[in-house]
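Thank you all for coming; I would like to take a few minutes to walk through one structure with you.

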Amino acid sequence: MEQIFESGGDRDTFEYARLMAEKAEPGTVIALTGDLGTGKTVFTKGFAAGLGITEPVSSPTFTILQQYDGGRMPLYHFDVYRIGDVEEMEETGYEDCFYGDGVTIVEWAGQIDELLPEKTVRIRIEKDLERGTDYRRIIREDTGG
Amino acid sequence: MAVGTMKETEKKDILILGIESSCDETAASVVRNGREVLSNVISSQIATHTVYGGVVPEIASRKHIEKINQVVREALKEASIGLKDLSAIGVTYGPGLVGPLLVGVSFAKGLSFASSVPLVGVHHIEGHIAANYIENKELEPPFPCLIVSGGHTHLVNVKDYGDFEILGRTMDDAAGEAFDKVARAIGLGYPGGPKIDAAAKAGDPEAIRFPRAKVTEHEYDFSFSGLKSAVLNYLNSCEMKNETWVQADVAASFQAAVVDVLVENSEKAILSLKAKRFAIAGGVASNSALREAIEAKCRAHGVEFYRPSPVLCTDNGAMIASAAYYEYRNGIRAGLDLNAVPNLKLGER
Amino acid sequence: MKILAVDSSGLVASCAIAEDGVLCAEYTVSHKKTHSQTLMPMIAEICRMTELQMDTIDAIAVAGGPGSFTGLRIGSAAVKGMAEALGKPVVSVPTVDALAMNLFGCHDLIVPLMDARRNETYSGIYTFEGEELRVLKEQSAVPLEIMIAAVNEMDKPAVFLGDGVPVFKKQLSEQVKVPFIFAPASCNRQRAACVAVLAMKYFAGGKAEDAAEHAPEYLRVSQAEREKQMKCSGTAGV
């Protein structure tokens, strides 16, 4: 079942994620999909703030994974944009994150869909240029019961 | 394994084997006395043997564990030395991706233990800074340094060998990453940096005025995600209005926006520290527009400008060996419990 | 024949030195996954305690997979580094085979079960004929039900061992139709001594590799890979 949240821009996306983080449980995996510039990293920044992480969250596009330990539980921030072959994920230690005791956010999760656990929170962020350049539609679907 | 040893008279030289395996590359190099490169082997640039004995040109892949022995062997062979000629083995232990880091660190520990050659852990970005010591034999700290790559954007005050102060860093995207994403958005492909650099030469940097983001709370910090969004918005709005955009102009204008911000903060650092020298490092340091702009700015302030050659800008083992040399000279050694630290902070020991 | 063996394929970190029929040293710890920090000091310790002259080793053995990607990588890289320094060959031993070796002489079905997440297991079926370890079903990464079906089909009593046992206990008790028992703490997890013993056999049989050639075998054939393989066999080049 899809839940839709309408965001007027970065600030709304940030706030939406922040509230989600306050209720998040250990072992949560969030699959974030959406085109370039839709605000996936902004979402992650908001989520980090909700966990109480003060360290700046920067894009892990090159490093694939950044880990933040300063919050109420670890945040594993993946960006698998550069992953060409699912086998490359083996280098990342992703299993320890997905099945660990923190929260994992995977940007561009569509690239590694088959590695995602059955129970995953899928978030899709879409633009709708008819509604303006800042508008975003955030669609959430929780899979796997 | 390499054969050949040094003459007794030369033993006073300090030879370091540097091993780099923090992200995409597996690299190894032998450097003498921190500045002289005897060999520099980078995995994406050598051919490897297939299981069946044929030789295929290697496309950059991330199979570090499959390449590390060959790369190290080749480095020792090219330097005409054996393991016992080494004073130390330097290895990147962070920051980076945990898998590749662990391969480098575990391998280096095994190598160190079994050959009784001391081990030194190296911070990847400190390695990038040290690339300048190789390129410019007379360069010594202190000096401010701008490190710009796909994964990092840092402005650092290098106070002494092994003594660093971060002045500023990116709040979101690294500059190199912004290059890659914009390159993709305008149809230029990978690697984005060199492609944009080349395309921009035929374009007008003033064609589109993209925003130069300032981070108000921290004057030396950078932010590039707004610029990335601005480029995407520009492309989208052109499409919506059925207007064409010129690839070379977008490339040039985007590049100008990135360079302006990098140069502005660098200049602030030079003035504030009253620096006589300034260096750049990292993959984006080979961008021609950036080099020219910073060089011009340095000239204007009477400041010596330093940068590594392109092959030392991208990840390599020589820069690690150089950084390791200065750690070694400072008496720093790693134990067999050295761990990979994916978010290792600059200056952390 | 002297072998230095390492196993970091799972939660257990283990290393051993074996010479012919004698286990000179073994150091096995099952406590948190800090292999990246603890494994090398453990290896150094047993070498020190046995006053090992490292150039007297014939080969360095490693549990080569399957297992935790990270764990395997740590063990294999350490072994590749040591072998490189010493100019010695590497012997890669299948992880599940080495686990089965724990139950030397057992004539029932030996079924190691490693937790491979997502209700899958790295597993195989073995037994002993005299001194020889017989592989009845080769190690593979499969859903648990497949292993249970295979065991039921062989219709002989079984012994289960490995870190998958606590994870799968409920399903095993519900679905396994043959009589079975669980191996006790003394022999239900990875041990480098088992890797060493199998490595001696491999080495004697000429199955060793140059350190440069060795890499872990993850045994994970992902969906994308299967599809790619199907496409490759059907089309002429991509």
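Predicted model: local features only at pLDDT ≥ 70, side-chain atom pairs only at ≥ 80, totals over all residues.

Let me begin with the division of chain B, which is split into domain 1, covering 8-130 together with 314-329, and domain 2, covering 150-308. The centres of these two domains of chain B, taken over C-alpha atoms, are separated by 30 Å. Where they touch, domain 1 of chain B contributes eight residues and domain 2 of chain B contributes 11 residues. Which elements give two or more residues to the domain 1 side of that contact in chain B? They are helix 3 and helix 10 (317-329) of chain B, and of the elements on that side helix 3 of chain B gives the most, with four residues. By class, the residues on the domain 1 side in chain B divide into four nonpolar, two polar and two charged.

I turn now to the sheet. In chain B there is an open sheet of five strands, in the order 10-9-8-11-12, and its pairing is mixed. Strand 10 (163-169) and strand 12 (304-306) of chain B form the edges, each of them pairing on one side only. If direction is ignored, neighbouring strands of this sheet are turned against each other by 20 degrees on average. Strand 9 of chain B, residues 153-160, runs antiparallel to strand 10 of chain B, and six bridges join the two; within this pairing, L155(B) stands opposite G168(B) of strand 10. Helix 3 of chain B, residues 124-135, comes back here, packing on the sheet and touching strand 8 (143-148), strand 9, strand 10, strand 11 (277-281) and strand 12 of chain B. The direction of helix 3 makes about 125 degrees with that of strand 11 of chain B.

That leaves the contact between chains B and C, which takes 25 residues from chain B and 24 residues from chain C. On the chain B side, the elements giving two or more residues are helix 1 (64-78) and helix 2 (98-115) of chain B. Which of the elements of chain B gives the most to this side? The answer is helix 2 of chain B, with 12 residues. As for composition, the side of chain B that touches chain C has 14 nonpolar, seven polar and four charged residues.

Definitions and conventions
Residues numbered from 1 in each chain as written. Chains lettered and ligands numbered in written order. Contact = placed C-beta atoms within 7 Å. Nonpolar A, V, L, I, M, F, W, Y, C, P; charged D, E, K, R; others polar. Pairing = 2+ DSSP bridges. Axes fitted to C-alpha atoms, helices over the stretch in contact; angles between N-to-C directions. Domains from an automatic or database assignment.
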